[in-house]
Amino acid sequence: MRQSKLFTRTKREAPADEVAKNAQLLIRGGYIYKNMAGSYSFLPLGLRVIEKINRIIREEMNNIGGQELYMPSLQDPVLWKKTDRWSDENVDVWFKSQLQAGGDVGFGWTHEEVVTDIMRQYVSSYEDLPFSVYQIQTKFRNEVRAKSGIMRTREFWMKDMYTFAATEVQHDTMYETVAQAYGRIFNRIGIGEKTYKTFASGGAFSKFSHEYQTLAEAGEDVVYVCEAKGIAINEEVLEEADLSELGITREELVERKSIEVGNIFSLGTKFSEAIGLTFKDETGESHPVIMGSYGIGPARSMATVVDLLADKKGIVWPESIAPFMVHLVGLNLEDPEIRDWAEGIYNAFSDRGVEVLFDDREVRPGEKFADSDLLGIPYRVVVSRKGKEAGTFEVVTRKTGAVRNLTEQELFADLVGE
Ligand code: ATP
Ligand code: MG
């Protein structure tokens with residue numbers, strides 16, 4: 001990709017009304033555009049990051065046997081009345097509308113009802129269980145507060161997985177398998193170290209659910225955490241938690257702000273009973289299916305990465321989700337010889353399948369470097385007259401600021417392991 005062709009531009013200043021660091025940096029970098037409070041566009045650079053996050057999520061969900069599907073946003077009230085979740089008294093985030101043909105319709109804010117209804121057609125025997133399905137789909141929620149940039153929007157992607165089991169043992173096994181996959185996902189996107197599987201309120205079916213909470217000042221949640229023992233408890237359930245059972249004392253727990261990037265939840269038979277999802281056991285006796293639900297917010301995760309890893313100069317992407325691996329910054333391009341050299345190395349990267357953004361614009365070097373710092377691509381490779389004379393490229397690692405001068409051969413050995 002040539003930066004001269006990218007329709008987005010970096011900005012020196014963030015919009016005055018944007019208070020969240022994630023949105024300030026992402027807007028300045030041209031990753032996202034704020035359409036209105038709680039509603040953002042993902043521009044080409046931002047979409048590349050989201051797609052990388054989604055790819056990691058998909059890999060991990062597929063690896064544990066999750067089958068991807070896609071369910072609609074438009075919701076039939078009849079179904080939601082069965083679980084008492086249609087009324088605005090019980091659910092305060094609904095967006096609703098009317099059909100021209102008459103009748104109400106809702107915009108999906110989660111999909112337990114929908115997925116349970118679908119499975120009535122496909123589950124009849126214990127032999128059909130266990131299994132899991134997931135989607136990465138747009139949710140709508142009429143959130144009261146929307147001041148945290150892309151951490152909390154009124155329209156957002158969610159990866160939601162649902163598990164279906166015949167027995168508690170089957171359910172617990174799947175729950176643990178998903179928990180481990182979540183650990184891998186947050187490690188892979190670069191926030192694993194600060195992300196805790198946290199005890200949270202469980203509803204009626206298990207004592208606790210688990211939230212994946214990332215410690216961050218920008219967080220809207222409060223957790224009590226013992227970093228040494230890797231234990232975290234949401235403030236909502238601190239009173240209920242049996243600390244001695246967890247091998248911890250109150251004094252060891254420190255209050256911290258955190259961001260809920262995901263959660264996993266045992267649903268028991270609440271939805272299957274209300275909607276009529278049952279299976280027959282070996283003796284022909286009918287039982288409600290035991291379910292679990294598991295969410296991750298890809299954009300909230302992206303915002304968390306920005307918030308945690310950014311430095312004074314701008315965003316710092318981990319390689320795993322960076323929009324490009326290499327930012328090729330061309331200086332002295334007015335000189336045809338240098339231009340040719342730069343084009344050659346750009347093609348060499350592209351030929352090797354390395355994702356490269358080539359700053360081929362006619363702007364001052366200082367501006368190019370400032371933009372490069374703001375964009376946060378892991379490796380900056382500078383092509384310049386000085387470098388051409390020495391036969392080397394200056395390679396700057398964004399995360400550490402380390403600078404090396406490498407020949408073409410060393411460059412490809414280093415970046416693509418040739
Ligand atoms: P919160 O308590 O922060 O409102 P929630 O408990 O309502 O979150 P879930 O319904 O469990 O969240 O949604 C699953 C995941 O979707 C969350 O862990 C989060 O990563 C993401 N998510 C939830 N609400 C939003 C939102 N408004 N904008 C962006 N992502 C969201
Ligand atoms: Mg919420």
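**Note on ligand 1 and the strands around it**

1. Strand S13 gives the most to the shell around ligand 1, with four residues, where strands and helices are DSSP runs numbered from the N terminus, a helix being H or I with at least four residues and a strand E with at least two. This is a predicted model, in which local features need pLDDT of at least 70 and side-chain atom pairs count only at pLDDT 80 or more, while totals for chains, interfaces and linings use all residues. Residues are numbered from 1 along each chain as its sequence is written, chains are lettered from A and ligands numbered from 1 in the order in which they are written, and side-chain values use heavy atoms, with hydrogens and water left out.

2. Of the 13 residues around ligand 1, those that come nearest are Arg141, Glu143, Arg152, Glu260 and Asn263; a residue counts as near if one of its heavy atoms lies within 4 Å of the molecule. Strand S8 (155-165) and strand S13 (254-268) each supply at least two residues of this shell. By class, the shell holds five charged, four polar and four nonpolar residues, where Asp, Glu, Lys and Arg count as charged, Ala, Val, Leu, Ile, Met, Phe, Trp, Tyr, Cys and Pro as nonpolar, and the others, Gly among them, as polar.

3. Which atoms of valine 261 and glycine 262 face an oxygen atom of ligand 1? For valine 261 it is a polar backbone atom, 2.9 Å from an oxygen atom of the ligand, and for glycine 262 it is also a polar backbone atom, at 3.4 Å. In glutamate 260, a polar side-chain atom lies 2.7 Å from an oxygen atom of ligand 1. The protein covers 82% of the 590 Å² of accessible area that ligand 1 has on its own, areas being computed by the Shrake-Rupley method with a 1.4 Å probe.

4. Strand S13 also pairs with several other strands, and two strands are said to pair if DSSP finds at least two bridges between them. Strand S10 (residues 208-215) runs antiparallel to S13 and is joined to it by six bridges, with tyrosine 212 having glycine 262 as its bridge partner in S13. Strand S11 (residues 221-226) is joined to S13 by five bridges, again antiparallel, and here tyrosine 224 has glutamate 255 as its partner. Six bridges join S13 to strand S16 (residues 290-296), which run antiparallel, and the partner of glycine 268 in S16 is methionine 291.

5. Elsewhere, an open sheet of three strands has the order S4-S6-S5, with antiparallel pairing. Its edge strands, each of which pairs on one side only, are S4 (74-75) and S5 (95-98). Two bridges join S4 to strand S6 (residues 104-107), and leucine 74 stands opposite phenylalanine 107 in S6.

6. Strands S1 (residues 32-36) and S2 (residues 39-42) pair in the antiparallel sense over four bridges, and lysine 34 stands opposite tyrosine 40 in S2. The two strands form a hairpin with two residues between them, and glycine 38 in the turn has a positive phi of about 75 degrees.

7. Two backbone features deserve a careful look. Most residues other than glycine have a negative phi, and most peptide bonds are trans. The peptide bond from leucine 129 to proline 130 is cis, with omega near -5 degrees, and proline 130 lies in the loop between helix H4 (112-119) and strand S7 (131-140).

Methods
A polar contact is a pair of N or O atoms within 3.5 Å; within protein, one must be able to donate a hydrogen and the other to accept it, and residues adjacent in sequence count only if both atoms are side-chain atoms.
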